[in-house]
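Trainee: Could we go through the aromatic contacts and the nonpolar cores in this one together?

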Amino acid sequence: MSIHRLPSSLTSLRVLLAIAEHGTASGAAEAVNLTQSAVSKHLRALEETLGAALFTRGNRGLTQTEAGRIYIRHARLALAELESAGAQISALKESPWSVRLHVLPIVGDRWLVPRFSRFTELHPGIDVQFTSFVTADTTEATDGIFRFGEGYWPGYRADYLFGRNVALVGAPSLLSRLGGIQTAQDVRRYTVLDHFQTPLRWSEFAAAHGLDDLTPFRTVRFGFYSLVIRAAISGQGLALVPRRLVQEELETGRLLNPAGLGFKSRHAYWFTTPEDWPMRAGLQVFHRWLLAEIRSA
């Protein structure tokens with residue numbers, strides 16, 4: 001590998017990405033806490049090292065060239081990898097009995113937290129820390145991540161938890177008021193409740209029941225799945241929800257699954273761990289407990 005085309009410092013890469021984000025040297029200078037002159041020097045040095053212009057200068061600021069787009073894309077990946085490596089190295093210094101988990105709010109609220117006292121009673125010496133999962137590319141050192149999807153994330157092992165068994169649910173008061181549901185076509189008479197990030201559920205439901213189209217009376221969308229479930233319980237519309245998340249409501253009758261309608265989804269909830277990051281002792285214990293809870297639920 002030739003070192004002649006490598007940047008002289010990581011600061012040059014930070015400057016490059018700041019310019020790409022803000023479009024001006026002044027904006028980049030503020031973002032990386034350098035003077036505008038220092039930012040310009042870093043950019044010139046990087047362009048001289050590469051032998052190519054990364055931006056064109058115009059009245060409206062700096063515009064990426066083709067060479068710039070290529071280098072910026074790889075610079076982002078390189079810095080992300082270095083940040084991840086640093087986080088993993090920091091984690092080596094921590095207790096093997098400390099476990100950090102990113103948890104989707106709906107999974108934590110309706111499934112994990114109600115059961116978690118069983119884990120703490122069995123393993124009081126394991127320190128489990130929960131954070132809310134925000135972005136898919138977070139570089140914070142994390143032992144395990146609860147995710148929603150089809151089960152494949154590059155660089156991660158994935159254990160299926162639940163979610164493929166999706167049920168159509170509604171409050172008894174709503175179903176009684178509008179005459180109930182005997183077939184999937186009857187859903188058209190109702191308001192349906194949707195989640196911004198999983199809008200394909202209703203099209204999946206229609207396809208599973210042989211309907212070319214499913215245009216409901218009204219659609220109300222929510223940014224949180226917990227609000228979809230809460231709205232369904234209060235009689236505001238029908239919802240499609242993984243059966244495991246509303247098991248208690250179905251058993252107590254607060255929600256009904258009319259005509260047993262639902263479908264098998266491609267998407268579900270998974271617990272993922274980094275492939276290149278050996279499970280520490282605490283995570284191994286939590287992982288075994290988690291899968292045992294899934295099997296017994």
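This is a predicted model: local features need pLDDT of at least 70, side-chain atom pairs count only at pLDDT 80 or more; totals for chains, interfaces and linings use all residues.

Trainee: How many aromatic pairs does a search of the whole structure find?

Mentor: The search finds 13 aromatic pairs. One of them joins F148 and Y269, whose ring centres are 4.9 Å apart, and the pair is classed as tilted because the planes meet at 55 degrees, which does not exceed the 60 degrees that edge-to-face requires.

Trainee: Where in the chain do those two sit?

Mentor: F148 belongs to strand β5 (residues 144-149) and Y269 to strand β12 (residues 268-274), so that the pair links distant parts of the chain, 121 residues apart.

Trainee: And F148, is that buried or partly exposed?

Mentor: F148 is partly exposed, with a relative accessibility of 26%, whereas Y269 has 3% and therefore counts as buried.

Trainee: What about Y160 and W270, what's the geometry there?

Mentor: The planes of Y160 and W270 stand at 70 degrees, with the ring centres 5.4 Å apart, so this pair is edge-to-face. Because Y160 is in strand β6 (residues 156-162) and W270 is in strand β12, the contact ties together parts that lie 110 residues apart in sequence. Y160 is partly exposed at 31% relative accessible area, while W270, at 8%, is buried.

Trainee: Switching to charges, which residue lies over the face of Y160?

Mentor: That is R164, at 4.3 Å from the ring centre of Y160. There is also R147, which lies over the face of Y156 at 4.4 Å from the ring centre.

Trainee: Back to rings for a second, which residues do ring pairs link into a cluster?

Mentor: The cluster consists of F116, F119, F130, F146, F271, F286 and W289, linked through ring pairs.

Trainee: Now the largest nonpolar core, which residues touch the most other members?

Mentor: Within that core of 40 residues, L101, F146 and F286 touch the most other members. Elements that each supply at least two residues include β3 (98-103), α5 (105-122), β12 and α10 (281-296).

Trainee: Which element gives the most to this core?

Mentor: That is α10, which contributes seven residues.

Trainee: And what does the second core include?

Mentor: The second core is separate and has 22 residues, among them V15, L46, I72 and A75. As general background, nonpolar side chains tend to be buried together in soluble globular proteins.

Conventions:
Residues are numbered from 1 along each chain as its sequence is written. Side-chain values use heavy atoms; hydrogens and water are left out. Rings of Phe, Tyr and Trp (its six-membered ring) pair if their centres lie within 6.5 Å; planes under 30 degrees apart count as stacked, over 60 as edge-to-face and the rest as tilted. Helices (H or I, at least four residues) and strands (E, at least two) are DSSP runs, numbered from the N terminus. Buried means under 20% relative accessible area, exposed over 50%, partly exposed in between (1.4 Å probe, protein chains only). A charge sits over a ring if NZ of Lys or CZ of Arg is within 6 Å of the ring centre and within 35 degrees of the ring normal. A nonpolar core is a set of buried Ala, Val, Leu, Ile, Met, Phe, Trp, Tyr and Cys residues joined through side-chain atoms within 4.5 Å.
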